[in-house]
Amino acid sequence: MSFLNDSTPISDHDSIRFKESLPVPTLLDGLRILVLEDEFLIAMDVEQLCRDHGAGEVVIARDLTEVDGREVATQFDAAIVDLMLGGTSTLDFASGLRAAGVPFVFASGYSDADEIKASFPGVRLVGKPYSGEDLVQAVAAACGRASPG
(Lines give C-alpha, C1' and ligand atoms only; values in the text may rest on other atoms or scores of the structure.)
Protein backbone atom coordinates (compact mmCIF):
# COMPACT_ATOMS: atom_id res chain seq x y z
CA MET A 1 0.00 0.00 0.00
CA SER A 2 1.24 3.46 -0.83
CA PHE A 3 0.59 6.74 0.93
CA LEU A 4 0.48 10.22 -0.61
CA ASN A 5 3.74 11.35 0.95
CA ASP A 6 5.42 8.03 0.21
CA SER A 7 7.86 7.88 -2.69
CA THR A 8 6.95 4.28 -3.43
CA PRO A 9 5.21 4.04 -6.81
CA ILE A 10 1.58 3.02 -6.81
CA SER A 11 1.14 -0.40 -8.33
CA ASP A 12 -1.21 -1.02 -11.23
CA HIS A 13 -3.40 -3.04 -8.87
CA ASP A 14 -3.93 -0.05 -6.55
CA SER A 15 -4.84 2.33 -9.37
CA ILE A 16 -7.33 -0.14 -10.86
CA ARG A 17 -9.01 -0.59 -7.49
CA PHE A 18 -9.72 3.14 -7.24
CA LYS A 19 -11.03 3.38 -10.80
CA GLU A 20 -13.77 0.83 -10.23
CA SER A 21 -17.12 2.47 -9.72
CA LEU A 22 -19.89 1.04 -7.66
CA PRO A 23 -23.23 0.62 -9.40
CA VAL A 24 -25.62 3.43 -8.55
CA PRO A 25 -29.10 2.12 -7.81
CA THR A 26 -31.63 4.19 -9.68
CA LEU A 27 -34.98 2.44 -9.27
CA LEU A 28 -36.25 5.18 -6.97
CA ASP A 29 -33.97 7.91 -8.31
CA GLY A 30 -35.17 11.34 -7.22
CA LEU A 31 -38.58 10.20 -5.97
CA ARG A 32 -40.27 11.88 -3.01
CA ILE A 33 -41.72 9.00 -0.98
CA LEU A 34 -44.21 9.05 1.87
CA VAL A 35 -43.89 6.11 4.26
CA LEU A 36 -46.86 5.36 6.51
CA GLU A 37 -45.43 3.03 9.14
CA ASP A 38 -46.02 3.03 12.89
CA GLU A 39 -43.21 0.66 13.87
CA PHE A 40 -40.16 2.85 14.38
CA LEU A 41 -37.43 0.36 13.39
CA ILE A 42 -39.29 -0.76 10.28
CA ALA A 43 -39.84 2.88 9.29
CA MET A 44 -36.12 3.62 9.68
CA ASP A 45 -35.20 0.55 7.62
CA VAL A 46 -37.64 1.52 4.86
CA GLU A 47 -36.33 5.09 4.82
CA GLN A 48 -32.73 3.90 4.46
CA LEU A 49 -33.72 1.34 1.83
CA CYS A 50 -35.43 4.04 -0.26
CA ARG A 51 -32.46 6.39 0.08
CA ASP A 52 -30.05 3.59 -0.85
CA HIS A 53 -32.04 3.14 -4.07
CA GLY A 54 -31.89 6.81 -5.00
CA ALA A 55 -34.98 8.39 -3.41
CA GLY A 56 -34.61 12.14 -3.18
CA GLU A 57 -36.80 12.59 -0.12
CA VAL A 58 -38.39 10.16 2.32
CA VAL A 59 -40.98 11.36 4.84
CA ILE A 60 -42.23 9.04 7.56
CA ALA A 61 -45.66 9.41 9.13
CA ARG A 62 -46.39 7.16 12.10
CA ASP A 63 -50.01 8.30 12.40
CA LEU A 64 -52.63 9.48 9.90
CA THR A 65 -52.99 12.77 11.78
CA GLU A 66 -49.44 13.61 10.65
CA VAL A 67 -50.60 13.68 7.02
CA ASP A 68 -54.08 15.14 7.46
CA GLY A 69 -54.39 18.32 5.46
CA ARG A 70 -51.15 17.81 3.56
CA GLU A 71 -51.28 18.04 -0.19
CA VAL A 72 -49.95 14.52 -0.64
CA ALA A 73 -50.47 14.52 -4.41
CA THR A 74 -48.25 17.57 -4.88
CA GLN A 75 -45.68 16.73 -2.20
CA PHE A 76 -44.98 13.06 -2.96
CA ASP A 77 -44.35 10.91 -6.02
CA ALA A 78 -45.19 7.62 -4.29
CA ALA A 79 -46.23 6.13 -0.97
CA ILE A 80 -45.59 2.98 1.03
CA VAL A 81 -48.65 2.34 3.17
CA ASP A 82 -49.02 0.04 6.16
CA LEU A 83 -52.65 -1.12 6.34
CA MET A 84 -52.95 -0.36 10.04
CA LEU A 85 -51.39 2.59 11.88
CA GLY A 86 -51.83 2.42 15.61
CA GLY A 87 -54.94 0.30 15.19
CA THR A 88 -56.49 2.63 12.59
CA SER A 89 -57.15 1.43 9.05
CA THR A 90 -55.40 3.33 6.26
CA LEU A 91 -57.79 2.16 3.52
CA ASP A 92 -59.61 5.51 3.31
CA PHE A 93 -56.26 7.28 3.03
CA ALA A 94 -55.20 4.82 0.32
CA SER A 95 -58.44 5.56 -1.55
CA GLY A 96 -57.49 9.24 -1.44
CA LEU A 97 -54.04 8.44 -2.83
CA ARG A 98 -55.63 6.50 -5.67
CA ALA A 99 -58.09 9.34 -6.40
CA ALA A 100 -55.21 11.84 -6.44
CA GLY A 101 -53.18 9.65 -8.79
CA VAL A 102 -50.34 9.00 -6.33
CA PRO A 103 -48.80 5.56 -6.95
CA PHE A 104 -48.50 3.45 -3.83
CA VAL A 105 -47.96 -0.02 -2.45
CA PHE A 106 -49.20 -1.63 0.71
CA ALA A 107 -46.53 -3.04 3.02
CA SER A 108 -48.17 -4.93 5.81
CA GLY A 109 -48.47 -8.06 7.87
CA TYR A 110 -52.22 -7.94 7.18
CA SER A 111 -53.34 -11.39 6.15
CA ASP A 112 -56.47 -10.87 4.03
CA ALA A 113 -54.85 -10.17 0.67
CA ASP A 114 -58.06 -11.04 -1.21
CA GLU A 115 -59.93 -8.09 0.34
CA ILE A 116 -57.12 -5.72 -0.63
CA LYS A 117 -56.95 -7.11 -4.18
CA ALA A 118 -60.71 -6.68 -4.55
CA SER A 119 -60.72 -3.11 -3.20
CA PHE A 120 -57.45 -2.01 -4.79
CA PRO A 121 -56.89 -3.96 -8.01
CA GLY A 122 -53.41 -3.46 -9.38
CA VAL A 123 -51.98 -2.20 -6.08
CA ARG A 124 -49.29 -4.50 -4.79
CA LEU A 125 -49.40 -5.83 -1.24
CA VAL A 126 -45.89 -6.60 -0.02
CA GLY A 127 -46.29 -8.84 3.01
CA LYS A 128 -44.25 -8.46 6.17
CA PRO A 129 -41.68 -9.63 6.73
CA TYR A 130 -40.60 -8.51 3.28
CA SER A 131 -37.26 -8.33 1.56
CA GLY A 132 -36.00 -4.88 0.76
CA GLU A 133 -35.66 -5.74 -2.91
CA ASP A 134 -39.32 -6.81 -3.12
CA LEU A 135 -40.44 -3.51 -1.60
CA VAL A 136 -38.19 -1.38 -3.81
CA GLN A 137 -39.26 -3.23 -6.95
CA ALA A 138 -42.94 -2.88 -5.99
CA VAL A 139 -42.59 0.89 -5.51
CA ALA A 140 -40.63 1.23 -8.75
CA ALA A 141 -43.27 -0.78 -10.63
CA ALA A 142 -46.08 1.35 -9.14
CA CYS A 143 -44.25 4.40 -10.50
CA GLY A 144 -43.84 2.81 -13.94
CA ARG A 145 -40.12 2.18 -13.55
CA ALA A 146 -38.70 -1.10 -14.76
CA SER A 147 -36.38 -3.23 -12.70
CA PRO A 148 -32.87 -3.50 -14.22
CA GLY A 149 -31.67 -6.78 -15.60
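Two strands count as paired here if DSSP finds at least two bridges between them. With that in hand, let's walk through this predicted model, starting at the sheet.

Strand 1 (residues 32-36) and strand 2 run parallel to one another, joined over five bridges. Within that pairing, Leu-34 sits opposite Val-59 of strand 2. Zoom out and you get an open sheet of five parallel strands, ordered 2-1-3-6-7. Strand 2 (57-61) and strand 7 (125-127) are the edges, each with a pairing on one side only. Going from one strand to the next, the twist averages 20 degrees.

| Helix | Lies across | Angle |
|---|---|---|
| Helix 2 (residues 40-52) | strand 1, strand 2 and strand 3 (78-81) | about 165 degrees to strand 2 |
| Helix 4 | strand 1, strand 3 and strand 6 (104-108) | about 160 degrees to strand 6 |

Thr-90 is in the loop that links strand 5 (88-89) to helix 4 (91-100). Is Thr-90 buried or exposed? Its relative accessibility is 0%, and the cut-off for buried is under 20%, so Thr-90 counts as buried. What does the side chain of Thr-90 reach? It gets to the backbone oxygen of Asp-82, at 2.7 Å. Asp-82 also turns up among the contacts of Thr-90 beyond four places in sequence, along with Leu-64, Val-81, Leu-83, Met-84 and Leu-85.

Definitions and conventions. Residues numbered from 1 in each chain as written. Predicted model: local features only at pLDDT ≥ 70, side-chain atom pairs only at ≥ 80, totals over all residues. Heavy atoms only, no water. Helix = DSSP H or I, 4+ residues; strand = E, 2+ residues; numbered from the N terminus. Buried < 20%, exposed > 50% of the residue type's maximum accessible area, 1.4 Å probe, protein only. Polar contact = N/O pair within 3.5 Å; in protein donor to acceptor, adjacent residues only side chain to side chain. Contact = heavy atoms within 4.5 Å. Axes fitted to C-alpha atoms, helices over the stretch in contact; angles between N-to-C directions.
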